[in-house]
Amino acid sequence: MSDERSTSTISTDRLFLRPLRVGDMTPAYVQALTDSEVVQWTEARHTQWNDARMIDYVQRNNQPGVSQLFGVFLKESDRHIGGIRLFNFSQAHRRAELSLMIFDKTQWSKGYATEALTALVAYAFDTIGLHRIVADYYAVNTASARLFAKAHFRIEGVFKDHVMLDGRYVDSVRVGALNPNEVETSPPPPQPAAAQRIIPSAGPSITEYEVQLVAEAARDGWYANMRRDLDAFEHKFSAYTGMRYCLATSHCTGAIHLALTGLGIGPNDEVIVPDITWVASAAPICYVGATPVFVDIDSRTWCMSPEAFERAITRRTQAVIVVGLLGNMPEMDAIQAIARRHRIPIIEDAAESIGAEYKGKKAGTLGLIGVYSFNGTKLMVTGEGGMIVTNDRRLHERFKRLAHHGINKRPGARYYWSNELGYKYQFTNIQAALGFAQLSRLDELVAKRRQTFRWYQERLGGVEGLQLNRETPHSRSTFWITTAIVSRTYGLRKERIVRALVHHGIGGRPFFYPLSSMPPFAPYCRGKDMKRCNPISYELAPYGVCLPSAASITEGEVNRVCDALVGILRQGRIKSPRRPNALISR
Ligand SMILES: Cc1ncc(COP(=O)(O)O)c(C=O)c1O
């Protein structure tokens, strides 16, 4: 790691890697970097960059022995097309970090990145004598995954980086390579995970159709056309669900908030909600000052248990929020009968179950109000987005006002006049264009999820002590996320299994935690033994693993997931099943 070493030029068939001086990082180069390249390049990712700070950063870090920044030049034209950097050297551990950036994308040809990376790694091991090189990339960056796999980096872990891309926190993947001159020559370590694409836990299917409609909306969905795609989307949604009134919202959380506010629910009221669901099903109950009452789930549907619902009803109960968990459907006949008997309005949270059916009726249409989510993980996506549907015109009118600061939009109404305190939960025309295209393809998207489930079922159906989603006789699930509940006899809780899957390059997710076990809801559960109140929820929650179910998943990838999962379970301790989980023992 001496000074003269950092002046060597590294050469490949098509490229030169030359050490750059600080002066070479001209503002022109800095300006040419796109945001994502800058983000990739520096570890100080949380901050906004400008030229001065970028140059300052280089000056501080590009000291001999501290950091080495190589420019990547084309041999043919001597054009400077990128940079690759070794930095954060540790003399003690003979270790450094590595990052690669592309300046001039138009000049990059297939294979340049691998060529530059391989050459620098060889230089670092053979000439500098490093023992280990590590690098980080975002889990969503499949190109980086392929690149590092080709250069024989292995995945060492996945961690939360508190970095937001496209409005979501993304995980970072840490990869590492060891100096092959110091590694025993045989046998080579098994590295299937690093050599293949990271299997994402979720993700949409976007075709040219979506791209085209969004582009059109971006181009001319303004002025007189500002509601063109919105109206088309809401009408199409109405035709699809058969519900008379549909209002697109900025997200489903907002739609639930509108539903509760529209029903006039507030302090001193109780709203019943299943203990196992995403936090957004219950948080809006607290927004309106009401009390969430968490009830147990059914062990077959993983949705609200009708018996638990009925047991929880009091004189203060003003609504029930029923959730179609993970694409499953609750036992709606029983729930509707109880709700009718006690005159309790049903809000059906179909955020996860769009496309599912109960006795031929679409998810989200079985209550007084239905709500949906189109966030990026859902079966159909609009980035963020939601929908609130009802057959009640007055409720719909109220939702419309509340979704836009209490403003009455009827012809002749006073402009900029707010009648009551409302919110800002509107949807955009551009997102609606995406929603319209996705809704047109909904059957296809559902068919793919169901196919994915069949692949999982064929491979995991026979594995002892493993329970996948179940479809009840009256319902048709979408299997939005195929989920496995693992018998406690393996001695493996969900977090451990998910970590092990991630180690194999597989994006697993844990099953939900009971809401009643989480701090925001503790005040509502004070004095209650929630484990005893909701035994199924607490029994299943620690052992559920959501398996990758992205729209892009292939049969080969499902095989990989199943092989990894079975391997992980095999390593678990199979004890005599003295206390199996309630569900698994059935
Ligand atoms: C069951 C359930 N309800 C509500 C929501 C909230 O949806 P959104 O993210 O659109 O606010 C989600 C989203 O993940 C969900 O899974």
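How many residues surround the ligand, and which are the closest? In this predicted model, 14 residues surround the ligand, and the closest are His 251, Cys 252, Thr 253, Ala 351 and Ser 373. By class, the shell around the ligand is made up of five nonpolar, seven polar and two charged residues.

Glu 270 has Thr 317 of S12 as its bridge partner.

A second open sheet has three strands, ordered S15-S14-S19, with antiparallel pairing. Strands S15 (361-362) and S19 (475-476) are its edges, and each pairs on one side only. Strand S14 (residues 357-358) pairs with S15 in the antiparallel sense over two bridges. In this pair, Glu 357 stands opposite Lys 362 of S15.

**Helix packing**

| Helix pair | Axis distance | Angle |
|---|---|---|
| H8 and H14 | within 7 Å | roughly 35° |
| H9 and H13 | 10 Å | about 120° |
| H7 and H14 | within 8 Å | roughly 155° |

Helix H14 spans residues 429-440, and H8 passes H14 in a left-handed crossing. On the H8 side, the contact is made by Arg 228, Asp 229, Leu 230, Ala 232, Phe 233, Lys 236, Phe 237 and Tyr 240. On the H14 side, the residues are Asn 429, Ala 432, Ala 433, Gly 435, Phe 436 and Leu 439. The residues of this contact between H8 and H14 divide into nine nonpolar, two polar and three charged.

H14 also packs with helix H7 (residues 208-220), the axes crossing at roughly 155°. Angles over 145 degrees count as roughly antiparallel, so H7 is roughly antiparallel to H14. H7 passes H14 in a right-handed crossing. From H7, the contact includes Tyr 209, Glu 210, Leu 213, Val 214, Glu 216, Ala 217 and Ala 218. From H14, the contact includes Asn 429, Ile 430, Ala 433, Leu 434, Phe 436, Ala 437 and Gln 438. The contact of H7 with H14 has ten nonpolar, two polar and two charged residues. Asn 429, Ala 433 and Phe 436 of H14 take part in the contact with H8 and also in the contact with H7.

Helix H9 (residues 252-262) packs against helix H13 (residues 393-402) at an angle of about 120°. That angle makes H9 oblique to H13. The crossing of H9 and H13 is right-handed. Leu 258, Thr 261 and Gly 262 in H9 meet Leu 395, Arg 398, Phe 399 and Leu 402 in H13. The contact of H9 with H13 has four nonpolar, two polar and one charged residues. H9 spans residues 252-262, and among the residues closest to the ligand are Cys 252 and Thr 253.

Key
Residues numbered from 1 in each chain as written. Predicted model: local features only at pLDDT ≥ 70, side-chain atom pairs only at ≥ 80, totals over all residues. Pairing = 2+ DSSP bridges. Helix = DSSP H or I, 4+ residues; strand = E, 2+ residues; numbered from the N terminus. Near = placed C-beta within 6 Å. Nonpolar A, V, L, I, M, F, W, Y, C, P; charged D, E, K, R; others polar. Axes fitted to C-alpha atoms, helices over the stretch in contact; angles between N-to-C directions. Left-handed = near helix turned anticlockwise from the far one by under 90°. Contact = placed C-beta atoms within 7 Å. Parallel < 35°, antiparallel > 145°, perpendicular 65-115°, else oblique.
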